[in-house]
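This briefing covers one protein model.

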Amino acid sequence: MTTRDLVLEFKANIQDLQKEKADMAKTIASKESRIKQVLIKLEQTNSDLEHAGKHAAKVQKDNDVLKSDNATLKAKLETTEKLLDTATTRLKALEGHIEEDPEEDEETESEQ
């Protein structure tokens with residue numbers, strides 16, 4: 001091989017290497033762009049997850065409040081039912097007593 005042939009071969013090798021370098025630079029830029037997109041999606045997902053966690057905590061707190069209110073209302077309902085039963089029983093007793101009194105008064109008047 002002559003010197004000229006060697007120089008041409010080196011130039012061809014240099015051009016091939018420069019082309020490979022440019023291709024690799026494109027690949028690197030493409031992969032970096034994809035990595036940035038994935039990182040953005042990851043940050044959005046983390047933000048959404050954090051928001052969902054806060055929302056879940058709020059819903060749990062609201063649920064606890066509703067359970068407490070429900071327990072209070074059940075207790076009030078039970079108390080009201082007991083009072084209503086007591087009042088009904090007393091009313092029946094009074095009605096029975098009132099009905100008995102006029103009969104007793106009528107019997108007493110007829111005996112006289």
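Helices here are DSSP runs of H or I with at least four residues, numbered from the N terminus. By that definition D62 and K58 both lie in helix α1, 4 residues apart, or about one turn of the helix. The model is predicted. Its protein chain has 1 helix and 0 strands, and helix α1 takes in residues 3–111.

**Overall surface**

- The protein chain has 112 residues, of which 0% count as buried.
- Buried here means a relative accessible area under 20%.

**Nonpolar patch**

- Which residues form a nonpolar patch on the surface? They are M1, L6, F10 and I14, and together they have about 450 Å² of accessible area.
- The relative accessible area of I14 is 45%, so I14 is classed as partly exposed.

**Salt bridges**

- How many salt bridges does the structure hold? The structure holds 2.
- Side chains of opposite charge can pair when their charged atoms come close.
- E50 forms a salt bridge with K54, and the closest N and O atoms of this pair are 3.4 Å apart.
- A salt bridge needs a side-chain nitrogen of Lys or Arg within 4 Å of a carboxyl oxygen of Asp or Glu.
- E50 and K54 are separated by about one helical turn because they are 4 residues apart in helix α1.
- D62 forms a salt bridge with K58, with the closest N and O atoms 3.1 Å apart.
- D62 and K58 are likewise placed in helix α1, with a spacing of 4 residues.

**Exposure of the charged residues**

- Is K54 buried or exposed? With a relative accessible area of 55%, K54 is exposed.
- D62 has a relative accessible area of 35%, so D62 counts as partly exposed.

Definitions and conventions:
Residues numbered from 1 in each chain as written. Predicted model: local features only at pLDDT ≥ 70, side-chain atom pairs only at ≥ 80, totals over all residues. Heavy atoms only, no water. Patch = residues over 30% accessible without salt bridge, like charges linked within 9 Å, V, L, I, M, F, W, Y side chains within 5 Å. Areas by Shrake-Rupley, 256 points an atom, 1.4 Å probe, with all protein chains shown as cover. Helix = DSSP H or I, 4+ residues; strand = E, 2+ residues; numbered from the N terminus. Buried < 20%, exposed > 50% of the residue type's maximum accessible area, 1.4 Å probe, protein only.
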